[in-house]
Structure formats: structure tokens, C-alpha cells
Protein chains: 2
Amino acid sequence: VVDAKEKLKGRLSLKDLLTAKRNAHISDIFIPQVDFVTVHTKGEEVARVMQKYDLEAIPVVDEMNRLVGRVTIDDIVDFIKEEAEKDYQMAAGISQDVEADDNVWQLTRARLPWLVLGLFGGLGSVYIMKGFDEALANFPILFFFTPLIAAMAGNVGVQSSAIIVQGLANDNIKGSLLNRLFKEVGLSLINGTALGLLVMLFGFVVGQEQMVSITVAVSMLSVIIVAALIGTFVPIILDKQGIDPAIATGPFITTSNDIFGIFLFFYLAKLILGF
Amino acid sequence: VVDAKEKLKGRLSLKDLLTAKRNAHISDIFIPQVDFVTVHTKGEEVARVMQKYDLEAIPVVDEMNRLVGRVTIDDIVDFIKEEAEKDYQMAAGISQDVEADDNVWQLTRARLPWLVLGLFGGLGSVYIMKGFDEALANFPILFFFTPLIAAMAGNVGVQSSAIIVQGLANDNIKGSLLNRLFKEVGLSLINGTALGLLVMLFGFVVGQEQMVSITVAVSMLSVIIVAALIGTFVPIILDKQGIDPAIATGPFITTSNDIFGIFLFFYLAKLILGF
């Protein structure tokens, strides 16, 4: 329902219209409350409002509050699906909207850039290990643990970032940053301690030098804490800067956490084992 | 519109009802064609049909074709969103539906199992490298490249599996398995060759022994092809077995591709460098 100047005033229920008296005016039977969005409202926000109130359509108004059209739920279904799929593809290291049946060139364009990023990350790790190659003499076994440390750093980072990215998309992150910090550190302490104990157990079973097991366990715990913090706060910072936080999941966070994790591992190993 | 036995016969348009003659019967004005689903139809299928035809509601019938109710689009919006979020969380290594504001124990239960899987994968890599430790004498640099090989295997596997999982969810994978095989191999040859050349270039710039660069490049190409095939066919096989293919993305595929990739790398290195 709009006034003479096309301004949105309310809505009309079909049931009220059918059951109204013959001589009733629209102004007598319309409902003066209505949800609406403006032409500048972001798609995510439209989707959120429509989902929250289970609306089948929502009016769209311009800056002057004049009705200019509507968004129906089936447009939003496609939008929600595309948004979720885009976040998922980003997390999987696919930078463009591609489908299984797209051609090889389209798929390459979407996939190769992230692999190149991963390559540079991997070459970065080569450099870090070259910097600690004095450890080869007495503790070559440390170099066997790098894929484990990298995998832990990557997995934890992706887990933390995925939860934050979904929370930001659904607008359901409450509590302060300090609160989040405590929660991620607590979570990491639990996970890291459990995994550290498993590493100690493994070392004991295979008869590994105890100081090496301790080094791996302590480093893993530290790497898990740092990776969780990076995974949590990078998307939050990106979001505050107006950048889609979804780019912080997947290869980007895995690659940076790999490098950082491997450096931290050898740095702590040097402190503990003193090579 | 149903018959005397409650069997679904068609639908009625509100416009037709309002504009029909006073003495018209429903049987004269109803539309005898109607999309419907049964009580056994899977949620994904309902979502697919409703999205495809932009339906706002769809009737539900039982085994005898009797109308028992309907599904409205707002139920489906929530369903589509949850499905997409579940796939995303699986890909990120989060095994239960959790949100950023859940407590530390809920988050730990969802996250720790995948980290333990990653830990076993990492310990598997330690074992593989112990098996090739004779390479330490002449080619210690090979051990610096394992995070790179593992990252490539993991990233490629996640990319391939994500595209297949989305394709299966949207039911838009056409073409035969052989066709998919050729496409993934073609894609991997392009990506692998591009990345291999970058590795050679890096080796040349830093003055690395040429045979080592060739070994890394060739191994990386092979690992990329194998990882793409695993990433493609594991979800297809799981789906055929009636298992949710989404479990094949994320830590599961990363971990298995890590182990396999590192083994393949050292195996090929042994063949090429002959240590």
C-alpha cells in the first residue's frame, strides 16, 4: 500500500480484502506495519531479514521511501545458495564460480592461482628449513615432523576461520573480541594438550628420544594456539575492513599457517634441544 | 485439489477461483497438472525441484498418492542453507553443526576428531620418511620440500573434491566417468606443468642442483595428477554407495593425499636420483 506520492505505507492482506465490506476503503483495512528493504540494502541483509521472518516477498523502496519493486523468496533462495557455495569454493581454493562441467580452461583459471600461492608458501618453508639445517647433524628426525606440524597449523586455522566466516555471514557472533580470544586459547589448550599427549605416547611406543617427543608436543601445542588465533582474527579484521572474510579460509590461511607453524617449530626446537 | 479418496488431482489458481462463474464446479476450473513430492522424497530433491520451478509451496503425498501436507519455500530456505553450511563445515574439518558462540566443549567435540585424524596422517608421514632416511646423506634438501608436496597434494585434492561435491549436490554433473577422468588429467597436466616450471625457475635462481629441481618438478606433477583423481573419484564412489560425499572433502582428503603425496615424492626421488 502506497500513498499519493508512492511512499510505502503498509501492506494489505488478501484475506482482509476478500472479507472486507463492499464500501470499505483500502485505508480502513491495510496493515500499517511492513518490513521493507531499500535499493541500497545488501543481498546478505535481505536474505537475513526474509529468512528471519519467513517472508515470501519484501517491498523495496528508494531513498525517498517510494516503492520501486519487491524481492521474492525464490530470488533469495538462489542468492543464499550462491553465497554459501561461493564461501565453500573459496575455502576449497577455487577463486571463481565454476561447475564440474565447465571446461578445462575455466577450471584452470579458478584453481591455478591458489596453487601458485601454495607453491610460494612451500618454497618459503624450504627457506626456513635451510635456515635451520644445522639440526640435520643431530636431529634429522625433526625434518620428518614438518608435514605433521604444517597439517596441524593448516587444519586448525581452517577450522577457526570457517566458524568465524559462517558466524559473520549469519550475523550471530556475540560477545567481545577478548571473549573470543579466551575461547580460542582455551579450545586450543584442550586440543593441543590432547594431541601433544598422543605424540608423547607415539614417541614412547616407537622408542623415540624423549626430548624430541617433548619438542614436537610443545611445538604442536604452540602452533595450534597461534594458528587458531590467526584463523580467528584474520577474518574478523578483513570483515572490519570491508573485505569478504571468506578469502581468509582455505589456501590463504593454510599457506600462511604452514610457514608460520614450521618456523615456530624449528625455533622452539632450537630453544629446547639447543642444536 | 483432491478427489473423494484424498488423492492429489491438481491445483487451483486463486485468480481462476475469483474470476470463475458463480455456478462453476472446482472440477471445471482446477489445473490437472501439479508438481508434488512424496513423504519419502529426500530434502535435497525437494529443494532442487522447488528451486528449479521457483515454487512457493509443493504438495506432499503418501504411497497411495493421498495428499498429506505441503512443504513451503521458507522451510526449504533453511534446509538449503543448512545443507550448504554442513558441506562447508565438513570441508573445514568440523564434524558437528556448531556456531561461533557454542561453548568450548561443543567446539572441541566438533574439531578434535579431525585433528586426531590429521595427527595420525602426520605420524604416517614420519614413518614414510624414516623408510627413505638413506636420502639424508646426499640429498637432505629433499626433506625440506615435503611441506610443499603435502600442501600441493592437499590443495588439489580439496579443489577437485569440492567441485564434485557441489556438482553432486546440485545434480549437474553430466558426462561419463571417462570424460571426467580425461578432464581431471588434462587440468592436472596444465597446472602441474605450470607449477613444475616455476619450481625449475626457483631452483635455477637459487642455484639448486638441477637434478633435485627436476625431481621436485616431476614428483609435483605426478602428485597433482594422483591427488586430482583421488579428489574426484572418492566422492563419486562414496555417493554411489549412499554415503554423504562431503566427508571426502577437507581433512580426510588432505590427510590421505598428504601421506600418498609424500610417499610418491620419495619413491620417484629414489628412482630419479638413485640414492
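This is a predicted model: local features need pLDDT of at least 70, side-chain atom pairs count only at pLDDT 80 or more; totals for chains, interfaces and linings use all residues.
Local features need pLDDT of at least 70 and side-chain atom pairs count only at pLDDT 80 or more, while totals for chains, interfaces and linings use all residues. Residues are numbered from 1 along each chain as its sequence is written, chains are lettered from A and ligands numbered from 1 in the order in which they are written, and side-chain values use heavy atoms, with hydrogens and water left out.

A nonpolar surface patch of about 880 Å² draws on both chains, with Val1(A), Leu12(A) and Leu12(B) among its members. Patch residues have over 30% relative accessible area and no salt bridge, and nonpolar side chains (Val, Leu, Ile, Met, Phe, Trp, Tyr) are joined within 5 Å, like charges within 9 Å. Areas come from the Shrake-Rupley method with a 1.4 Å probe, and for residues only the protein chains shown count as cover. Helix α1 (14–19) of chain A and α1 (14–19) of chain B each give the patch at least two residues; helices here are DSSP runs of H or I, at least four residues, and strands are runs of E, at least two, numbered from the N terminus. One patch member, Leu17(B), sits in α1 of chain B. Its relative accessible area is 41%, so Leu17(B) is partly exposed (buried is under 20%, exposed over 50%, partly exposed in between).

Chain B also has helices that are well covered. In α8(B), 23 of the 25 residues are buried. Just past α8(B), Asp171(B) has a positive phi of about 55°. In α3 (residues 43–52) of chain B, the buried residues include Val46(B) and Met50(B), and their cover includes α4 (73–91) of chain A. Asp54(B), which follows α3(B), has a positive phi near 50°.

Asp87(B), in helix α4 of chain B, is a curious case. Asp87(B) is buried but has no salt bridge (a Lys or Arg side-chain nitrogen within 4 Å of an Asp or Glu carboxyl oxygen). Lys86(B), the nearest side chain of opposite charge, is 4.8 Å away; Lys and Arg count as positive, Asp and Glu as negative, and His and the chain ends are not counted. Leaving out residues up to four places away in sequence, Asp87(B) touches Tyr88(A), Val165(B), Asp244(B) and Ala246(B), with contact meaning heavy atoms within 4.5 Å.

Notes: Buried means under 20% relative accessible area, exposed over 50%, partly exposed in between (1.4 Å probe, protein chains only).
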